[in-house]
Amino acid sequence: MEETGGVGGASAYGASLAGGGFDFQKFAKQPHTIVRFLSWIFAIVVFACITAEGFVNKAHSHEAHCVFNQNDSACHYAVGIGVIAFLACFGFLLLDAYLPLMSNAQERKYAVLADLGFSGVWTFLWFVCFCLLASQWGRTSDVRGIPQDAARATIAFSFFSIATWGILTYFALGRYRRGVADVTQNIYAEPPPEQHTPYPSTYAPSAYTPTTYSPYPSSAPDDFQQPPFTPTPQPQGDYQPPNY
C-alpha cells in the first residue's frame, strides 16, 4: 500500500500540503518507486538487446537486417519504445522524489495526471511491442546465425514491461483518486470555532453600577437655592384699572 500523506494536517496526492523534506530511505521503499525502477531496468534490457544483437546479416548478404523475420520496423519500434520508456522512468523518478516538496495541490494534480496518462499509454504500447515481436519471431524460419537468447530476452522483457507499466498506471490512478478525495475533504471540512479575543485594555467598557433610589426622603439639608430676584406679590383687593 502507498502512503497517503502525513499523520496530521491537510494532505493531497500522497503527501502533506505543508510540504516536507526528502527522505531517501522512505522514498526507496515505496511500491511505486520499486516498480518504476524495474520498468527502467526492463527498458534498458529491451533496447540494449536489439541495438547490440538485434541486427545481423546473412552469409550471402552484407546488409544487416532485424532478427525478427528481417522486419526492421519491428526492431526500430522496440528500440524507440524502450529508449523513451527509459528516459520517462528516470524523469518520473525525479518527479516522485520532488512531489512531497510541492505545497500546491494543483501542481501535484498535474504531476499525478501526467504519470497516469503516460503510464496508461505506455502499457498499451508495450503490449503492441510484445505482440509484434512475438509474431515476427514466430514467422522467422531461418534462425542460423541469429542470437536466439537475445531475441527471446527482448520478447520476455517486453511482456514484463506490460505488467510493470500496468501496475504504475494502477498506482497513479489510486493516487489521483485519493488526492481528489483529500482535497474535497479539506474544502468541505467544518471550519474551526471562532476564537473571540477580549477587548483591548484601552477600549474595555467600564463596569455598570446601577443607581439606587431611597423610597424615603433624605434627612440631609436641601441644597436648592431660590432665584435671586422674585416678583413682589400684588396685594389682593379690588381691581384698579390703569389710568391713561
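Predicted model: local features only at pLDDT ≥ 70, side-chain atom pairs only at ≥ 80, totals over all residues.
Local features require pLDDT of at least 70 and side-chain atom pairs count only at pLDDT 80 or more, whereas totals for chains, interfaces and linings use all residues. Residues are numbered from 1 along each chain as its sequence is written, and side-chain values use heavy atoms, with hydrogens and water left out.

Helix α2 covers residues 31–53 and helix α3 residues 72–98; helices are DSSP runs (H or I, at least four residues) numbered from the N terminus. From its first C-alpha to its last, α2, with 23 residues, reaches 33 Å, close to the expected 33 Å, where the expected span is 1.5 Å times one less than the number of residues.

The axes of α2 and α3 lie 8 Å apart at an angle of about 150°. The pair is therefore roughly antiparallel (over 145 degrees). The contact (heavy atoms within 4.5 Å) involves, among others, Arg36, Trp40 and Phe47 of α2 and Val79, Phe86 and Asp96 of α3. Its residues divide into 16 nonpolar, five polar and two charged; Ala, Val, Leu, Ile, Met, Phe, Trp, Tyr, Cys and Pro count as nonpolar, Asp, Glu, Lys and Arg as charged, and the others, Gly among them, as polar.

Among the buried residues of α2 are His32, Arg36, Ala43 and Phe47, buried meaning under 20% relative accessible area and exposed over 50% (1.4 Å probe, protein chains only). Leucine 87, in helix α3, is exposed, with a relative accessible area of 54%. The C-alpha atom of leucine 87 is separated by 10.0 Å from that of isoleucine 44, 43 residues apart along the chain.

Conventions: Axes fitted to C-alpha atoms, helices over the stretch in contact; angles between N-to-C directions. Helix = DSSP H or I, 4+ residues; strand = E, 2+ residues; numbered from the N terminus. Parallel < 35°, antiparallel > 145°, perpendicular 65-115°, else oblique.
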